[in-house]
Amino acid sequence: MKRKRGHHKPQNPSTATSPNDIVPIPTTEPGTSDPNNPSSSPTTTTRGRGGGARPRKNPRPNIAASPERRGSRHADQNGDFTHSTATNTAATAISATTSDAVGVSEPVKWETVVKVVPSMDAVVKVFCVHTEPNFSLMWQRKRQYSSSSSGFILGGRRVLTNAHSVEHHTQVKLKKRGSDTKYLATVLAIGTECDIALLTVSDDEFWEGVSPVEFGDLPALQDAVTVVGYPIGGDTISVTSGVVSRIEILSYVHGSTELLGLQIDAAINSGNSGGPAFNDKGKCVGIAFQSLKHEDVENIGYVIPTPVIEHFIKDYEKNGAYTGFPILGVEWQKMENPDLRIAMGMESDQKGVRIRRIEPTAPESHVLKPSDVILSFDGINIANDGTVPFRQGERIGFSYLVSQKYTGDYALVKVLRDSKVLEFNIKLTTHKRLIPAHIRGRPPSYYIIAGFVFTSVSVPYLRSEYGKDYEFDAPVKLLDKHLHAMAESVDEQLVVISQVLVADINIGYEDIVNTQVHAFNGKPVKNLKSLASMVESCEEEYLKFELEYQQIVVLQTKTAKAATLDILATHCIPSAMSDDLKIDSKL
């Protein structure tokens, strides 16, 4: 089962028009009723990237004509299509004046249409032009493409949407409900972990006549929710309703993180990303951001809840930029086995989790030790399965307590070590991954010598090289480091030879692809910057690269550097290294 992000990426702009979201339904002659006036319900089916989801047809009558089917070439590149379900637009009945003749009514004027929920006017459509880096050919970018998604207006002239809706943006525009004008927007902050982005618009006209959305409390199970947005199939607003079916720590696809999330049974389709989820009081309780795509499930969508949203906003307001969600910096093991608890010296009334490993980059890594048993976090006891009390009758993973903190905050952690209870004031920090999930909008780094293309590994790089199923198709060595390796320092990178641009000087090395570089001339390679610096300043007779599996590459220094310019010219590469290496390394 895969959770997919939900903003729509059309290949070409749609030329078809869609019906207005407020449908006038003339009433019959006074004194009679007409029960046969169904609401308009456009239906659009899309195919998710990689296949698997079965479109569900809407059996309702009087289906409104939907715009022509959008192309999915660009959507297939990023996998932002979700499994398709029917979307329902808001419809409202109005009164129409009738003539004296029976069965004859005057045409309804659009001006008489009753306004729907006022807060819906704060929901906007987000148009974004993306220009993604080419992680396989790091010196160039991919062809630009457009996408559409949803967002909503907050107080303080701000707009919220999903991070993946504006990732690698070149231009962002917003259009208000019922307006024919697109306003240029500025991206203030992008939270990759929580999949939230903050925008603003400088044009004063955009903010006129709109009441900002207000946030409500975290909903309870079975509370009604209404997801509002602009899914694929039309340019007018769409409303789908459901209930909260689960509240737990969820895997956020875009951020490769685990944060609090809501599972709902309302349809979340491509383009719904970034749209608000309202409770029955008209208060926003979350942001739609992904859905579950599997042949055995239907109508399972996920919403970013208000605690995560408020954390993102307060983080931005506090620091002037997004700093991220902190972590404790440990990997832990459940203590449900009674023999294990006895062996760890735990009393019968003590509960907790055992520390397996500690992140070397965590600022307090020297304080905690492997095999310490974490008993409580900020005074809240942790159960043997790693959960803590959440609400009445509910429990949740204790990582929720950590995610409520901010980067640089301290937490009181009580541990059991050698049958003694100790307390530490631990500083919390953001996660430093050896293979990062994102490069935060920066172009990828590279260095070329004698046709050997060196780069650092990231998740976007693995996805570019091995496709959406990189977790199955990438080399085992790289996957092992991706899933289990920890960075020893904050600037450590996994450096590989991405490919070899064939030339006379590198004959016999052509088949080296995505192979890690361990050392250069006997010195360990810490990151790409250090490798470029060592090679450029090398005055020894040979360049010797030590690769994994004890493989080596040896080149004559003078010949290799001389051949580089010709190889760059042959492949139309503007520079032997990325700009960030030129600046940082002063090469």
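Student: How much confidence does the protein have on average, and where is the pLDDT below 50?

Tutor: The mean pLDDT of the protein is 81, and 78% of its residues reach 70 or more. Over residues 11-105, however, the pLDDT is below 50, although this stretch has 196 contacts in the model beyond near neighbours in sequence. Residues 110-116 also have a pLDDT below 50, with 14 contacts of that kind. Where pLDDT is low, the predicted coordinates should not be read in detail.

Student: Let's turn to the strands. Which strands make up the closed barrel?

Tutor: Strands of a sheet pair through backbone hydrogen bonds, either parallel or antiparallel. Here six strands form a closed barrel in the order 2-3-4-7-6-5, with antiparallel pairing. On average, neighbouring strands of this sheet are turned by 40 degrees against each other, direction ignored. Helix 2 (residues 306-319) packs on the sheet and touches strand 3, strand 4 (158-161), strand 6 and strand 7. The direction of helix 2 makes about 55 degrees with that of strand 7.

Student: How many bridges join strand 6 and strand 7?

Tutor: Strand 6 (residues 182-191) and strand 7 (residues 196-201) pair over six bridges in the antiparallel sense. To find one of them, look at G191, whose bridge partner in strand 7 is I196.

Student: Which side chains of strand 27 point to the buried face?

Tutor: Follow strand 27 (residues 542-547) and you will see its side chains alternate.

Student: What does strand 27 pair with?

Tutor: Strand 25 (residues 515-520) runs antiparallel to strand 27 and is joined to strand 27 by three bridges; V517 has L547 as its bridge partner. Strand 28 (residues 552-556) also pairs with strand 27 in the antiparallel sense, over five bridges, and L543 has L555 as its bridge partner there. Strands 27 and 28 form a hairpin with four residues between them, and Y549 in the turn has a positive phi of about 60 degrees.

Student: Now the loops. Is S136 buried or exposed?

Tutor: S136 counts as buried because its relative accessibility is 16%, and the cut-off is under 20%. S136 sits in the loop between strand 2 (123-130) and strand 3 (145-154). Its side chain makes a polar contact of 2.7 Å with the side chain of S464, and another of 2.5 Å with that of E465. Beyond residues up to four places away in sequence, S136 touches S464, E465, S498 and Q499.

Student: Where is N279, and which backbone nitrogens does its side chain reach?

Tutor: N279 lies in the loop between strand 11 (276-278) and strand 12 (284-293), and is buried with a relative accessible area of 18%. Its side chain reaches the backbone nitrogen of K281 at 3.0 Å, and a polar atom of that side chain lies 2.9 Å from the backbone nitrogen of K283. N279 and D223 are 56 residues apart in sequence, yet 7.5 Å apart in space, C-alpha to C-alpha.

How values were computed. Residues are numbered from 1 along each chain as its sequence is written. This is a predicted model: local features need pLDDT of at least 70, side-chain atom pairs count only at pLDDT 80 or more; totals for chains, interfaces and linings use all residues. Side-chain values use heavy atoms; hydrogens and water are left out. Helices (H or I, at least four residues) and strands (E, at least two) are DSSP runs, numbered from the N terminus. Buried means under 20% relative accessible area, exposed over 50%, partly exposed in between (1.4 Å probe, protein chains only). A polar contact is a pair of N or O atoms within 3.5 Å; within protein, one must be able to donate a hydrogen and the other to accept it, and residues adjacent in sequence count only if both atoms are side-chain atoms. Contact means heavy atoms within 4.5 Å. Two strands pair if DSSP finds at least two bridges between them. pLDDT is the predictor's confidence in each residue, from 0 to 100. Axes are lines fitted to C-alpha atoms, for helices over the stretch in contact, and angles run from 0 to 180 degrees between N-to-C directions.
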